[in-house]
Amino acid sequence: MFRITDNGIAEISGYIPDGFLTGYGLYETMRILYEKERNIIRAENLAEHYRRLSAGMEELGLTGDFSLHRLENALSALIGTRNIRSGSVSVYIVADHYPHAEFLISHDSRIVPDEDYRRGYRVKISRTRIPATGLTSRYLTLSRLDSRLMLNTARREGVDDLIFLNTDNYVAQCCEANIFWQMKRIIYTPSISAGIVAGVARQKTIDRYQARGYIIKEGLFELNDLYLADRIFLVSAMLNEMPAQIVR
């Protein structure tokens, strides 16, 4: 992990911002794309992720020098230093002696294998409900221990992700993705009022299907609506419409 600086990045050595210890911070993850024909390596939807980070930073009451230009310089430095061609980068805004924030960036070389798309994800309905309102329902905050523990348990049982309902018993989202389902020419997805993280990939998916002439319905949906769907798929910064099947 690296600290974002005026000159690009600096490796962190022996110091952890206190926000990592208290869960006071947020992050966004972006897929790394290598455009071989143009010999360009970039983070997908960087500007959109930056806007989400900036909005979350303001809601958390954090301050610091965080511009898109500074983030672009840090990303270029990280790609050059690590010779990155694939995987993902995560950008963290973390409280450090509140209200001051530290800005960090890291790389993960893992990618979703093609085999996962061929077989699809096995998803299970979680018995735990998530809040329908609140900051942590809108942003990817550092305080996500409960959902991570539940997901780790599910994966040991052969499940790829969990579907969460909110405290009003409406379908919300998965642990690591937004959820969509289709019935004929209609694409359904929970609205922001369901307490979801309205990720960049979610909006890109809505825009793409609207451009192709599909009807998009965002709203509050009950679990039975999922069971009636022709197909279910998950999207995130790292998932391109992953087919999903509910298991019990």
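Predicted model: local features only at pLDDT ≥ 70, side-chain atom pairs only at ≥ 80, totals over all residues.
Helices (H or I, at least four residues) and strands (E, at least two) are DSSP runs, numbered from the N terminus.

Residues are numbered from 1 along each chain as its sequence is written, and side-chain values use heavy atoms, with hydrogens and water left out.

Let's begin with strand β13, residues 231–235. Four of its five residues are buried, so β13 is largely enclosed by the rest of the structure. Who are its neighbours? Two strands pair if DSSP finds at least two bridges between them. On that basis, β13 runs antiparallel to strand β10 (residues 178–183), with five bridges joining them. If you want to find that pairing on screen, look for W181, whose bridge partner in β13 is I232, and for F180, which is partnered with F233. β13 is also joined to β14 by three bridges, again antiparallel, and here L234 stands opposite M242. These two strands, β13 and β14, form a hairpin with six residues between them, and E241 in the turn has a positive phi of about 50 degrees.

Let's zoom out to the sheet they belong to. It is an open sheet of eight strands, in the order β9-β8-β7-β14-β13-β10-β11-β12, with mixed pairing. At the edges stand β9 (171–174) and β12 (215–219), each with a single partner strand, so one side of each is left without a neighbour in the sheet. From one strand to the next, the twist averages 40 degrees; for all the angles I quote, axes are lines fitted to C-alpha atoms, for helices over the stretch in contact, and angles run from 0 to 180 degrees between N-to-C directions.

Where does the parallel part of this sheet come in? Strand β7 (residues 121–130) runs parallel to β14 (residues 242–247), joined by four bridges, and Y121 has A244 as its bridge partner there. β7 also pairs in the parallel sense with strand β8 (residues 161–166), over five bridges, with K124 opposite L162.

Helix α5 (residues 145–156) lies across β7 and β8, at about 135 degrees to β8. Helix α6 (residues 200–211) lies across β10, β11 (186–190), β12 and β13, at about 130 degrees to β13.

On to the other sheet. This one is open too, with six strands in the order β2-β1-β6-β5-β3-β4 and antiparallel pairing. Its edge strands are β2 (8–11) and β4 (40–43), each pairing on one side only. Neighbouring strands are turned by 30 degrees against each other on average, direction ignored. Within it, β3 (residues 25–35) and β5 (residues 88–95) pair over seven bridges, and E28 is partnered with V91. Helix α2 (residues 46–59) packs on this sheet, touching β3, β4, β5 and β6 (101–108), and its direction makes about 175 degrees with that of β3.

What about the cores? A nonpolar core is a set of buried Ala, Val, Leu, Ile, Met, Phe, Trp, Tyr and Cys residues joined through side-chain atoms within 4.5 Å. The largest has 27 residues, of which F66, L75, V91, I93 and I105 touch the most other members. At least two residues each come from β1 (2–5), β3, α2, α3 (68–82), β5 and β6, and α3 gives the most, with five. Apart from this core lies another, of 21 residues, among them V123, I163, A177 and I246.

Last, the cysteines. How many disulfides does a search of the whole structure find? Zero, taking a disulfide as a pair of cysteine sulfur atoms within 2.5 Å. The sulfur of C175 is 8.5 Å from the closest cysteine sulfur, in C174, too far for a bond. C174 counts as buried at 2% relative accessibility, and C175 is buried too, with a relative accessible area of 5%.

Terms used. Contact = heavy atoms within 4.5 Å. Buried < 20%, exposed > 50% of the residue type's maximum accessible area, 1.4 Å probe, protein only.
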